[in-house]
Amino acid sequence: MRELRVLSVAVLALLSDSLIALAEGKSSQNSAGYVPTLREIMTKVELGRSKLWYSVKLRNWILARYQLGQVRAGFIDATRFHLLSNSEVASTHKIADLVETSIKDKDDKLFQEYFAQMTTECNSCHKAVGKPFLHVGTPKVPSPLQ
């Protein structure tokens, strides 16, 4: 039951901005100038991080590689649309490269180490931009993917 609640909250969070835009007549599909908010991008990044972690726990290396790509794309979008400098996300890209290596090698232990580094980097960035309350961690609930 708790898994269903967690999944429901995640889906609602992802859809909230889209529903508001539709209600205001600003469909992202109809607007060539649509720019996702930083909140939208980071929500998708965090969902991708969680799915990445669960994918490795389930030893689904193909899905893990895909989810890492989604996380990377989110950081690229944040840089492109919200003027974050490349130096602000450079270490995140380096850590993502290490995570990718652990996925290619199918090394769960190494993945956990690099994922912890990624989590620390995310929290350091949040603190640096004055939002230390935006704390991310390692997922602790049972996987909704099982």
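Author: The lining of the second largest pocket divides into seven nonpolar, four polar and four charged residues. Here Ala, Val, Leu, Ile, Met, Phe, Trp, Tyr, Cys and Pro count as nonpolar, Asp, Glu, Lys and Arg as charged, and the others, Gly among them, as polar. The model is predicted: local features need pLDDT of at least 70 and side-chain atom pairs count only at pLDDT 80 or more, while totals for chains, interfaces and linings use all residues. Residues are numbered from 1 along each chain as its sequence is written, and side-chain values use heavy atoms, with hydrogens and water left out.

About 280 Å³ of space lies in this second largest pocket. A pocket is an open set of points on a 1 Å grid over the protein atoms alone where a 1.4 Å probe fits, with protein on both sides within 12 Å along at least five of seven lines; lining residues have an atom within 4 Å of a point. A volume is the space filled by probe spheres set on the points, which are joined across faces, edges and corners. Of the 15 lining residues, Glu40, Ile41, Lys44, Val45 and Gln70 are the closest to the centre of the pocket.

Helix H2 gives the largest share of the lining, seven residues. H2 and helix H3 (61-82) each supply at least two residues. Helices are DSSP runs (H or I, at least four residues), numbered from the N terminus.
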